[in-house]
Amino acid sequence: MALLQEELKITTIQELLGMKLALPSYQRPYSWSVKATNTLFLDTYNAYQEDTQEYRIGSVILHKENEKYNVVDGQQRLTTLSILLYCLGDETQGLLLEKYNQLSNDVLVTNFEILSKRISELSDDEQSPYKEYLLKHCSAVQIVTDNEQEAFQFFDSQNSRGKELSPHDLLKSYHLREMDDEDEHQKVRVINQWENVNQDDLNDLFNSYLYPLTQWYKGKSGLGYSSSEIDVFKGIKTTNAFNYAIYHKASNIFVEQFNTNGSNELLASRALNQFQLTQPLMAGKRFFNYALHYGKQLEQIRKLINKNHTEEQIPSRRSGDIYIKKLYECALLFFADRFGIENLSKGVRQQLYSWSYSLRLTMDAVYLKTINKYARGRHERVNKDLDLFSRISEMNHPEELKLIVLEQPAVENKNKEKYKAVYDLLCKWNRW
């Protein structure tokens, strides 16, 4: 691909917006949400307050046509930055002079109002230095080609590889920025551990387990994990000084010190579990440890399943079977997270298996939406109103799980035959 190597560089926002940028007619409308707009302000303002030497906003792909540069990728961020700078008194932002359709104009006005309000909250002494920080210390990777088709191909290849847009890669970048004060060797060690994990497995960990579980116990939908939903895993920033943040930061410091220095008379002598899915995580290095911790927990759960079940008892022929298997894994993982994997006793496993596979016996077809409803107790066909994850999150002792009475599912004869091993096991355990 014939990229313009002399223009492939990291450039400041001042230099980038000073170029003759243009929005080609094929560009989609400006559509950044107020949430994304506010996040851009907060992230850059926090970086300014923390005196971060360089804040990277990502990459921008440009198609050079004569003396102008058509924005192929990065329009939403650049336009929002232009609005922000305009609110700070910089009226030379050329992108805002481009022709926008009515839909874009409405969003522009809304985001202008949001950013104007945020800027009005700053003191007069802050506004000018903050503007200088945006222009001279915020940067982007500038990618330029002189061929329009090649620009599209590069954009497509970036997206298809998911290098910029995959949620866990965005989280990696975010939490690395939160490690600015860490030793470089620490950063290298953390990144090496992260990169040594199969990236597809990492994506599945967040998409199929961590995101649903952090939502289901609160009664929320666990579907739709994407780049726009990563706030769930951004955690508490190191600079957050609100009461709730100080409490959790102190707890995390104590656990780390306890595990480093040894036992405490008030607590069990063994190492303390460092994470809980029902508690906020800490931004920075602990996010990486969080992901690795739950990856290992999931491996242990799978080994336990393989040890205690036959292949026929954990069917995997159809997509619905896979969804049910993951639901069972989620139930075991969430229970182990609260009480410890050593408390996944035979009785606990039987209860969680019965709850999970009752849905498989009831339904001819199981979809992700089916799982999402059932996990929150909203499925009409079986165990209605039993929001299991919420119940587990409120338990004080693992034996409480056995007090939950499960419904006997209405199983059609064809499912009794198709899933005979599952049906026989549930009948044996539940005396149907």
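**View 1. The whole chain, to get your bearings.** Welcome to this predicted model. The protein chain has 432 residues, of which 48% are buried. Its secondary structure consists of 17 helices and five strands. Taken along the principal axes, a box of roughly 80 × 55 × 40 Å holds the C-alpha atoms of the chain. The accessible surface amounts to about 22,200 Å², and carbon and sulfur atoms account for 48% of that area. If we take the contacts between residues at least 6 apart in sequence, 74% of them join residues at least 24 apart.

**View 2. Helix α9 crossing helix α11.** Here we look at α9, residues 199–216, and α11, residues 285–308. Their axes come within 11 Å and cross at roughly 90°, so α9 and α11 are roughly perpendicular to each other. On the α9 side, the residues in contact are Leu202, Asp204, Leu205, Phe206, Tyr209, Leu210 and Thr214. They meet Phe287, Tyr290, Ala291, Tyr294, Gly295, Leu298 and Arg302 of α11. Sorted by class, this contact has ten nonpolar, two polar and two charged residues.

**View 3. An aromatic pair, Trp194 with Phe287.** The model has 29 aromatic pairs, and this view picks out one of them. The rings of Trp194 and Phe287 are 5.5 Å apart, centre to centre, with 40° between their planes, making the pair tilted. Where in the chain do the two partners sit? Trp194 belongs to helix α8, residues 184–195, while Phe287 belongs to helix α11, and 93 residues separate them, so that the pair links distant parts of the chain. Trp194 and Phe287 are both buried.

**View 4. Helix α2 packing on helix α5.** Now turn to α2, residues 34–49, and α5, residues 124–137. The two helices pack at an angle of about 100°, and their axes are 10 Å apart. That angle makes α2 roughly perpendicular to α5. Helix α2 contributes Phe41, Thr44, Tyr45, Ala47, Tyr48 and Gln49 to the contact, and α5 contributes Glu126, Pro129, Tyr130, Tyr133 and Leu134. By class, there are eight nonpolar, two polar and one charged residues in this contact.

View 5. Ser116 is part of helix α4, residues 102–120. Is Ser116 buried or partly exposed? With a relative accessible area of 25%, Ser116 is partly exposed. Leu84 lies 32 residues from Ser116 in sequence, and their C-alpha atoms are 7.8 Å apart in space.

**View 6. Two loop residues with a positive phi.** Most residues other than glycine have a negative phi. Asp51 is not a glycine, and yet its phi is positive, at about 60°. You will find Asp51 in the loop between α2 and β3, where it counts as exposed at 61% relative accessibility. Asn66, also a residue other than glycine, has a positive phi near 60°. Asn66 sits in the loop between β3 and β4, and its relative accessibility of 67% counts as exposed.

Technical notes: Residues numbered from 1 in each chain as written. Predicted model: local features only at pLDDT ≥ 70, side-chain atom pairs only at ≥ 80, totals over all residues. Heavy atoms only, no water. Axes fitted to C-alpha atoms, helices over the stretch in contact; angles between N-to-C directions. Helix = DSSP H or I, 4+ residues; strand = E, 2+ residues; numbered from the N terminus. Parallel < 35°, antiparallel > 145°, perpendicular 65-115°, else oblique. Contact = heavy atoms within 4.5 Å. Nonpolar A, V, L, I, M, F, W, Y, C, P; charged D, E, K, R; others polar. Phe/Tyr/Trp six-rings, centres within 6.5 Å; stacked < 30°, edge-to-face > 60°. Buried < 20%, exposed > 50% of the residue type's maximum accessible area, 1.4 Å probe, protein only. Areas by Shrake-Rupley, 256 points an atom, 1.4 Å probe, with all protein chains shown as cover.
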